[in-house]
2 protein chains.
Amino acid sequence: MTESLSETTDLELDALLTAAASSAWGHRTSRVRARTLVTLADELQRHTDELVAAALPETGLPEARLRGEVTRTAVQLTMFAEEILGGAYLDVVIDRPDPGFVLGPRPDLRRFQVPIGPVLVFAAGNFPFAFSVAGTDTASALAAGCPVIVKAHPGHPRTSMLTASIVADTLAECGAPAGTFAMIKGIEIGVRALRDRRIAAAAFTGSVSGGRALFDIAAARRRPIPFYGELGSLNPVVITHGAATERPDEIAAGFVGSFTLGAGQFCTKPGLLLIPAGTGLIDRITQLANDIPIVRLLTTRTAEALRNRSAEVNGIDGVEVLLAGAEEVLDDSGVPAVGPTLMKVGAAQLLEHGDTLLAETFGPSALIVEYPSEAKLYEVLSELDGTLTVTVHTGSSPSESERAALSRLVPLAASRCGRLVFNGWPTGVAVTPAQNHGGPYPATTAVAHTSVGTAAIRRFIRPIAFQDAPAGLLPVELQEANPLGVPRTVNEAGQSAGWGRGQY
Amino acid sequence: MTESLSETTDLELDALLTAAASSAWGHRTSRVRARTLVTLADELQRHTDELVAAALPETGLPEARLRGEVTRTAVQLTMFAEEILGGAYLDVVIDRPDPGFVLGPRPDLRRFQVPIGPVLVFAAGNFPFAFSVAGTDTASALAAGCPVIVKAHPGHPRTSMLTASIVADTLAECGAPAGTFAMIKGIEIGVRALRDRRIAAAAFTGSVSGGRALFDIAAARRRPIPFYGELGSLNPVVITHGAATERPDEIAAGFVGSFTLGAGQFCTKPGLLLIPAGTGLIDRITQLANDIPIVRLLTTRTAEALRNRSAEVNGIDGVEVLLAGAEEVLDDSGVPAVGPTLMKVGAAQLLEHGDTLLAETFGPSALIVEYPSEAKLYEVLSELDGTLTVTVHTGSSPSESERAALSRLVPLAASRCGRLVFNGWPTGVAVTPAQNHGGPYPATTAVAHTSVGTAAIRRFIRPIAFQDAPAGLLPVELQEANPLGVPRTVNEAGQSAGWGRGQY
């Protein structure tokens with residue numbers, strides 16, 4: 001293995017795209033794909049020491065976190081393996097021929113989901129494993145049957161190289177066709193790949209500015225493609241009177257733990273805390289945050305962006321700094337370590353400067369707002385842009401008026417987010433079937449999709465219907481005998497007779 | 001009812017958007033929404049005579065077709081009513097809390113689908129009922145719980161007005177909240193609505209140029225939204241040697257019937273016929289097409305576009321005109337009636353001028369290509385853009401080499417389309433659960449979706465997950481007792497223990 005990854009040339013990219021476009025990976029059975037993913041999971045775990053050793057200096061993340069992330073990456077791969085073995089994601093529907101169909105004879109129609117085609121994955125910087133080379137995007141795309149080209153994140157090149165070589169070796173050992181996986185390097189080459197006809201979909205996790213630029217490129221193609229971008233998320237937390245009264249210490253500690261976790265470098269970091277006016281919560285939180293040690297950021301660029309963003313927020317009239325994040329270079333990496341930043345602003349100022357204040361700050365920084373009334377709280381929630389999460393802390397035995405307020409607050413919060421968290425914290429995203437890690441723009445560029453959990457596979461499939469196909473020409477998933485035993489919905493003739501005549 | 005629809009003003013639009021954004025339609029139970037849709041279906045059918053009387057002069061379509069289309073429109077509404085009553089579209093998944101989850105304790109997570117928000121529907125011109133004011137887009141959006149604003153198609157204003165007033169009256173009678181439905185008129189006002197923050201998704205059926213312009217606007221918004229456009233489709237038909245030998249008369253008659261049906265004004269009109277070299281099929285087809293009477297087109301603009309497009313195709317070197325579509329004004333409408341246009345070109349020229357020749361011609365026009373070899377046929381299929389359908393006619397007892405050719409042809413064709421039709425014709429799209437009326441660009445701007453059939457509702461929903469929600473704050477669909485009896489997947493604790501350990 002080479003120690004560094006050189007910029008991919010146009011010629012190299014062209015060859016990789018041709019190989020991806022002609023890879024027969026999508027025609028491998030789900031069993032073969034699943035076995036390959038599980039083998040890859042095993043191989044990644046077997047190389048944990050090396051992977052962690054590569055990532056430690058490149059990211060500054062703690063060893064325990066990195067080890068856990070390798071495990072998560074492996075678990076994601078096995079989860080998608082299980083998902084495709086089950087076959088429910090294929091969404092097989094069979095309509096029987098129906099000479100008596102209400103709109104005239106119905107043919108034999110069989111629909112299922114096929115791989116969308118070669119997927120371009122833009123690796124994220126904040127999860128060097130779980131959202132990077134072999135992360136959730138790559139795992140779900142490979143599971144779906146799509147060849148993958150990963151554009152490496154510049155923040156952890158050696159980690160990326162090592163991961164890519166494990167992926168490539170494992171795929172080869174498992175007999176995956178050439179062209180099923182490749183990694184490229186370079187901003188311009190990533191853009192070139194995104195514009196190429198042979199790429200059928202793209203996935204991205206990162207900043208609003210970077211993600212939006214790529215989304216625009218995907219949309220401006222002669223043949224636009226789906227661009228699954230996870231951009232920026234405010235993740236507001238609402239504390240009700242009941243909760244603030246009942247467990248102020250727990251809330252203060254939980255909030256500080258959540259917004260400073262991993263130096264706040266999570267897409268689900270809570271960036272805005274809405275608390276009732278007149279509690280002592282702000283002081284408790286400031287005190288606790290003051291005790292949090294400074295922690296190295298991912299890259300000098302992260303530090304620079306955080307500095308600029310803090311100055312921007314700080315420059316708004318009425319914003320009060322409770323805790324100015326200390327900054328210091330602690331090690332040879334030269335990357336600054338920072339302490340928590342806490343700021344406070346009034347609800348009126350927040351609303352007046354919503355464009356600036358209701359946006360994500362990447363890093364251990366949060367804004368606290370005391371809401372003077374429920375009405376003002378609703379007003380703030382109404383002004384929110386799309387966000388991955390909204391968190392609500394409630395008292396354990398709300399009064400009738402509190403219940404009424406909650407039943408107004410919850411749908412309002414739901415209208416802005418992909419996940420509603422109650423009495424907990426948004427960081428720590430469960431990798432599990434019911435998860436939804438998504439939300440309206442700018443949380444994502446594709447509100448109907450999640451990038452975490454089994455449903456993430458849906459980003460990389462598309463439906464096709466076979467009409468009156470001779471038995472010998474049906475894909476195995478649609479064959480009458482159903483040799484793979486995939487779940488399917490069969491609509492018999494006569495189906496339309498009852499339409500509109502039921503109990504409504 | 002007013003006889004004409006005046007252009008919607010900015011002020012009117014603003015009021016309609018505000019009303020749509022604050023409509024509580026999405027919070028009505030699925031039972032209430034279903035009952036409303038079925039009532040609307042009944043009301044439309046009850047007004048069939050009036051509706052058809054309005055559409056006859058405006059569209060020039062035959063009365064039987066228009067009557068059938070009102071029925072189809074009503075059936076679509078009842079089909080979506082059945083779909084939401086069933087509740088499977090809600091895709092409810094419940095993950096139980098799992099202290100032993102492989103990546104650390106899993107919370108209680110419950111995911112389902114909610115309405116995406118107010119939908120802007122651009123009505124189509126070629127289906128004055130089924131893809132217009134109360135057509136499949138409106139029906140599926142209302143079923144999903146989304147308020148709808150329809151931008152009327154200028155081709156049939158009185159039909160649109162009449163339909164809109166039936167929709168509005170029925171919704172009001174059924175107690176739907178104000179703002180649930182409205183119709184607007186004007187190109188500029190449609191664009192303004194598409195740019196408005198209060199619109200959450202848009203649907204369109206029409207031309208590539210118009211659809212692409214609107215797609216670009218949706219993508220360029222500060223907050224981009226899903227744009228479900230159905231643009232242009234070539235719908236190629238492949239005739240194998242076996243089929244050509246076995247049933248030349250049936251194929252010739254079927255093809256002529258399909259490409260001239262409704263004066264070729266269907267998105268599934270077969271625009272390209274690929275036949276083996278050396279059969280007599282071309283002569284048979286030309287002869288039959290020559291006997292097809294001239295038929296009025298929808299609008300003078302349709303006629304003009306067809307004339308321009310025919311000239312463009314005709315101007316390509318090597319294109320031979322077999323039948324030059326006659327054109328004559330037959331009635332007071334002033335809209336030209338036309339006869340079939342048939343052209344022929346060699347495979348090499350087709351490939352050389354693919355950008356022009358492999359695009360849709362809207363109207364009773366088709367291009368015939370004799371393919372000299374299977375290799376050349378594959379080459380043509382590889383050059384295809386996305387298309388709604390590909391049709392393949394096969395012999396009833398293919399030889400081994402023919403079977404081998406088909407098993408290569410079918411996946412290639414599948415890679416380009418949303419529906420593969422065997423031994424039939426692409427026109428006549430069954431309105432049924434397994435249908436997929438979609439495909440890669442430019443067939444649609446959203447390859448993962450269909451605009452016909454029950455799955456069309458998926459365009460207008462998005463997921464949300466509730467984490468550790470107190471029982472009293474869960475939406476009814478996610479409540480433990482499941483009072484609505486919606487289908488759901490429940491993942492018990494311990495689920496992850498088996499991941500990666502199964503039989504692969």
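Two residues are taken to be in contact if their C-beta atoms, placed from the backbone, lie within 7 Å. By this criterion, in the predicted model, the contact between the chains takes 71 residues from chain A and 71 residues from chain B. On the side of chain A that touches chain B, two or more residues come from each of several elements, among them helix H2 (30-46), helix H4 (63-86), strand S2 (109-115), helix H16 (400-414) and strand S17 (417-422) of chain A. H4(A) gives the most, with 8 residues. This side of chain A divides into 41 nonpolar, 17 polar and 13 charged residues.

Strand pairing also links the two chains: S17(A) and strand S18 (residues 461-467) of chain B pair in the parallel sense over 3 bridges. In S18(B), Ala465(B) is the bridge partner of Arg419(A).

Within chain A, the domain assignment gives domain 1 (26-231 + 450-461) and domain 2 (236-422). The C-alpha centres of these domains of chain A lie 32 Å apart, and 10 residues of domain 1 are in contact with 10 residues of domain 2. The residues on the domain 1 side of this contact divide into 2 nonpolar, 6 polar and 2 charged.

Strand S4 (residues 148-151) of chain A pairs with S5(A) in the parallel sense over 4 bridges, and Lys151(A) has Ile184(A) in S5(A) as its bridge partner. Between S4(A) and S5(A) the chain passes through helix H6 (residues 157-173) of chain A, in a β-α-β crossover that is right-handed. From strand S5 (residues 181-184) of chain A, Phe181(A) and Met183(A) point one way, while Ala182(A) and Ile184(A) point the other way; all are buried.

How values were computed:
Residues numbered from 1 in each chain as written. Chains lettered and ligands numbered in written order. Predicted model: local features only at pLDDT ≥ 70, side-chain atom pairs only at ≥ 80, totals over all residues. Domains from an automatic or database assignment. Nonpolar A, V, L, I, M, F, W, Y, C, P; charged D, E, K, R; others polar. Buried ≥ 20, exposed ≤ 12 C-beta atoms within 10 Å, placed from the backbone. Pairing = 2+ DSSP bridges. Right-handed = clockwise from strand over helix to strand, strands pointing away.
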